[in-house]
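Trainee: I've got a structure open and I'd like to learn how to read it. Could you walk me through some features?

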Amino acid sequence: MGGHPVNCTVDEAYDMSSDHQFKGNIDLSKLEKVLQKYAYKVSYVLHTVTCNQVGGQPVSMENISDVSGMCKKYGVLFFLDGARFAENAYFIKEREHQNAGIGAIVSGMMSLADGMLMSGKKNCLSPGGGFIALRNKSLYEKPLPYSIAFIGGMEYGGMTGETMEAFAVGIREGIEEDLLAHRVSQVRYLGNELKKIGVPFITPVGGHAIFVDAGKWLSHIQWDKFPGHALVCKLYEEDGIRCVEVGSLIEGRDPKTKENRRAKMELVRLAVPHRTYAESHFDFIAEAFNKISGKRQDIKGVEFTHETYPLRHFTSKFRPI
Ligand SMILES: Cc1ncc(COP(=O)(O)O)c(C=O)c1O
């Protein structure tokens, strides 16, 4: 739509070993600077809970509340990307409000936003689908024609009845504390296995994935030869493990200069699907890293054979250099 996103994440998010408990937080002074200058043309502030781009890191209730307050002050809409709202609530319980129930924390988070974007596939355990929730009716009416034209009527938003039923059950099941504890413990298990063999990754471990520091592990590959993507390819080639680069490949090119933009971190995301894996799967992944470890100097960077635009990381083609 021609919009320009401005990232206001706290600096600690880019320090892989900082033990900051809420690396998904928005830095209020960064946000205020942007709003002071541009509030008149900011469509909305989006807080992603948990923040995928910096490692599935949680956002504190205090931060959601402060950002919500700042948005009110500047008259800007405040939205949550709630794809992983339940994991975020679990971390708030673990680190900020130990005596609160997950349901109450979720209600508290939601009460602070003007709206929410929700992908059903994550914490709602749905096979697909999603929704946009809006607090007031006039706001709700704005996107409706687009939904009807491009996705489906407002009653079903392009989802099948079966998907909506699964979604409805998943909304409740997804906030069960036992389920969340198990999920987070699975991710931590994978982290521990990788730590044993010296693979560097973002800590504290987030809610849905391990984010490997490919820039460090493959430090012989220059950032613009995409060390993260080279590792992704190697893991698939060796053992059929599918993961994704979150680094300079995703960053794309500067729209003006057309130069590659350098990401702050060259990561590989090992995402853990809900209720799918057992410990032996994680052992298998760790073993794959172990096999590669001794010969990782042989891994070469990659270059484009066909580069697409936009969202080049989904559809481009590469060869090893
Ligand atoms: C935080 C977040 N929001 C939204 C989405 C998009 O979800 P969907 O593919 O259901 O549109 C993703 C996908 O990975 C995500 O991680």
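Trainee: Let's start with F78. Leaving aside neighbours within four places in sequence, which residues is F78 in contact with?

Mentor: Keep in mind that this is a predicted model. Once the neighbours within four places in sequence are set aside, F78 is in contact with V45, H47, I64, V67, S68, C71, L112, A113, D114 and G115.

Trainee: What's the general idea behind a nonpolar core, and which residues touch the most other members here?

Mentor: In soluble globular proteins, nonpolar side chains tend to be buried together. Here the largest nonpolar core has 37 residues, and L31, V45, F78, L80, F85 and M109 touch the most other members. Two or more residues come from each of α1 (28-38), α2 (61-74), β2 (77-81), α3, α4 (102-111), β3 (115-119) and α8. The element that gives the most to this core is α3, with 6 residues. Apart from this core lies another, of 32 residues, with W217, I221, I241 and I285 among them.

Trainee: Now the sheet. In what order do the strands come?

Mentor: Strands of a sheet pair through backbone hydrogen bonds, either parallel or antiparallel. In this case 4 strands form an open sheet, ordered β1-β2-β3-β4, with mixed pairing. At the edges sit β1 (44-48) and β4 (130-134), each pairing on one side only. On average, neighbouring strands are turned by 15° against each other, direction ignored.

Trainee: Where does the mix of directions show up?

Mentor: Look at β3. With β2 it pairs in the parallel sense over 3 bridges, while β3 and β4 run antiparallel and are joined by 5 bridges. G115 is a handy landmark: F79 stands opposite G115 in β3, and the bridge partner of G115 in β4 is L134. For S119, the bridge partner in β4 is G130.

Trainee: Is β3 mostly covered or mostly open?

Mentor: Mostly covered, with 4 of the 5 residues of β3 buried. Elsewhere on the sheet, α2 lies across β1 and β2, running at about 150° to β2.

Trainee: How do I read a helix pair, say α3 and α8, and at what angle do they cross?

Mentor: Two packed helices are described by the angle between their axes and the distance between the axes. The axes of α3 (residues 85-95) and α8 (residues 177-196) come within 10 Å and cross at roughly 90°. So α3 is roughly perpendicular to α8. On the α3 side the contact is made by A86, E87, Y90, F91, K93, E94 and R95, and on the α8 side by E177, L180, A181, R183, V184 and R188. Those residues divide into 6 nonpolar, no polar and 7 charged.

Notes. Residues are numbered from 1 along each chain as its sequence is written. This is a predicted model: local features need pLDDT of at least 70, side-chain atom pairs count only at pLDDT 80 or more; totals for chains, interfaces and linings use all residues. Side-chain values use heavy atoms; hydrogens and water are left out. Axes are lines fitted to C-alpha atoms, for helices over the stretch in contact, and angles run from 0 to 180 degrees between N-to-C directions. Angles under 35 degrees count as roughly parallel, over 145 as roughly antiparallel, 65 to 115 as roughly perpendicular and the rest as oblique. Contact means heavy atoms within 4.5 Å. Ala, Val, Leu, Ile, Met, Phe, Trp, Tyr, Cys and Pro count as nonpolar, Asp, Glu, Lys and Arg as charged, and the others, Gly among them, as polar. A nonpolar core is a set of buried Ala, Val, Leu, Ile, Met, Phe, Trp, Tyr and Cys residues joined through side-chain atoms within 4.5 Å. Buried means under 20% relative accessible area, exposed over 50%, partly exposed in between (1.4 Å probe, protein chains only). Two strands pair if DSSP finds at least two bridges between them.
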